Amino acid sequence: MSERPMLEIKNLKKYFRTPAGQLHAVDDVTLSIRKGHTLGVVGESGCGKTTLGRTVLRLTEPTSGEIIFNGENILDYKKDKMKHLRRKMQLIFQDPYASLDPRLSVAEIIKEPMMVNKMYKSKKEADEKAKELMDIVGLARRFVNAYPHELDGGRRQRIGIARALATDPEFIVCDEPVSALDVSIQAQILNLMMDLQEQRQLSYMFITHDMSVVRHISDEIAVMYLGQCVELAEKEELFNNPRHPYTKALLAAIPVIDITARDKEPELLKGEVSSPVNPVNYCRFYTRCKHACEACKNSEYQLKEVAENHYSACVLEQTGEFRHE
C-alpha cells in the first residue's frame with residue numbers, strides 16, 4: 001500500500017439543484033486507486049455510483065473536492081489540457097447498444113476516438129489499429145463493416161471496450177459494463193477485462209450493483225449508500241468481515257447454492273429510504289438499520305478505520321458497541 005495511487009479522490013461532492021433543495025448525489029467521498037488495480041464501487045440503484053464515475057472523469061463538474069490523477073489536481077485543468085488528458089481516462093458504458101452510434105460501422109466506431117485526437121497521420125494507420133483492437137478484444141475481423149444492430153450484446157460490449165482502448169488509456173471507469181448481458185457472456189467480458197488489465201497495467205473503477213461480479217474483478221471495494229461511502233476494504237476482508245449493517249444486508253442478498261440453507265429466512269431491509277435532498281448530517285442508513293439507536297443520530301457521518309485498511313462509517317462499529325455477526 002506504500003506506492004502512490006494513480007488516482008486520488010478527496011472530499012468529492014456533487015450536488016444538483018432541485019425545486020425541493022440540494023440533491024446530494026455524491027457527498028464527501030474520498031477514495032484512491034493504485035496503478036493496475038480495480039476499485040469496485042457497489043450499492044443500490046440511485047446511490048450515486050454512476051454520478052461518482054462521471055464526476056471523476058469531469059463529464060459532470062463537481063461541486064467541490066479534489067481529483068488527483070498522477071499527482072495533479074485535474075480540477076485545475078483548462079479545456080485544452082483536459083482534452084489531452086481524456087486520452088488517458090476512458091469510460092465503458094452500461095448499455096452496449098445505446099452507447100454505440102447506429103450509423104457507424106464497427107471499424108468507424110473504434111477509429112472515432114483516434115481521429116478526434118489525431119493520433120495517426122493516415123486513415124490506413126487508423127484502420128490497421130482498429131483491426132488490431134478487434135483482435136485484442138476477441139471480435140472477428142469479418143465484423144469490421146458490420147453495424148451495431150447486426151451484433152449481439154456481447155459483441156457490442158467488445159466494441160465498447162475496443163473503443164475505450166483506442167486512445168491507450170491508463171484509467172477506465174466501467175459503468176456496470178456487464179449488467180445488460182447474459183450470465184455466460186458476463187463471464188467472458190469480465191475475464192477479457194482482467195486479461196487486458198494485466199497486459200496493459202490498466203486501473204479500473206468498476207461500478208456495479210452485483211456483489212458476485214464485484215468480488216470477481218475487484219482488489220478493493222467501496223460500498224455506497226445515498227451518495228456516501230459507508231465502507232471501504234480489501235475484497236476478501238470486506239466479504240469475510242463486513243463492518244457496516246448496509247454491507248451485511250447486501251451480502252445477505254447474494255443467492256446461496258446450498259440446500260441446507262433453503263429454509264433460512266432472508267434478512268430483509270425495512271423502513272423508509274432517507275431523502276438525498278437536504279439529507280441529515282448523521283447516518284443516512286438510520287431509518288433502515290435494525291441496530292439504530294440515539295448514538296447514531298447524535299454523531300456526524302465519518303468514515304473511520306476500524307481495522308487495518310478497513311474503513312466503516314458505522315458509529316457503533318467505531319465505538320466497539322457491536323461486532324461482526
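Q: How many helices and strands does the protein chain have?
A: The model is a predicted one, in which local features need pLDDT of at least 70, side-chain atom pairs count only at pLDDT 80 or more, and totals for chains, interfaces and linings use all residues. Residues are numbered from 1 along each chain as its sequence is written, and side-chain values use heavy atoms, with hydrogens and water left out. Helices (H or I, at least four residues) and strands (E, at least two) are DSSP runs, numbered from the N terminus. By that rule, the protein chain has 11 helices and 12 strands.

Q: In which helix of the protein chain is confidence lowest, and in which strand is it highest?
A: The term pLDDT denotes the predictor's confidence in each residue, from 0 to 100. The protein chain averages 91, and 95% of the residues score at least 70. The lowest mean, 83, belongs to helix H11 (residues 315–319), and the highest, 97, to strand S3 (residues 38–42).

Q: What radius of gyration does the protein chain have, against that of a compact globule?
A: The radius is taken over C-alpha atoms, and the globule rule is 2.2 Å times the number of residues to the power 0.38. For 325 residues, a compact globule would have a radius near 20 Å. The value for the protein chain agrees with this, as it is 21 Å.

Q: What percentage of the residues in the protein chain is buried?
A: A residue is buried under 20% relative accessible area, exposed over 50%, and partly exposed in between (1.4 Å probe, protein chains only). Of the 325 residues in the protein chain, the buried ones make up 50%.

Q: Which residues of H1 are buried?
A: Helix H1 covers residues 49–56, and six of its eight residues are buried, so the helix is largely enclosed by the rest of the structure. After H1 comes Arg58, whose phi is positive, near 60°. The buried residues of H1 are Lys49, Thr51, Leu52, Gly53, Thr55 and Val56.

Q: Why is the pair of Tyr225 and Phe285 edge-to-face?
A: Rings of Phe, Tyr and Trp (its six-membered ring) pair if their centres lie within 6.5 Å; planes under 30 degrees apart count as stacked, over 60 as edge-to-face and the rest as tilted. By this rule there are four aromatic pairs. In one of them, the rings of Tyr225 and Phe285 have centres 5.2 Å apart and planes at 85°, so the pair is edge-to-face.

Q: Is Tyr286 buried or partly exposed?
A: Tyr286 forms an edge-to-face aromatic pair with Tyr282, at 5.8 Å centre to centre and 80° between the planes. Tyr282 has a relative accessible area of 16% and is buried. Tyr286 has a relative accessible area of 22%, so this residue is partly exposed.

Q: Which residues does Pro279 touch, not counting residues up to four places away in sequence?
A: Pro279 is found in the loop between H9 and H10 and counts as buried, at 17% relative accessibility. Its C-alpha atom is separated by 7.4 Å from that of His24, 255 residues apart along the chain. With contact meaning heavy atoms within 4.5 Å, Pro279 touches Gln22, His24 and Arg284.
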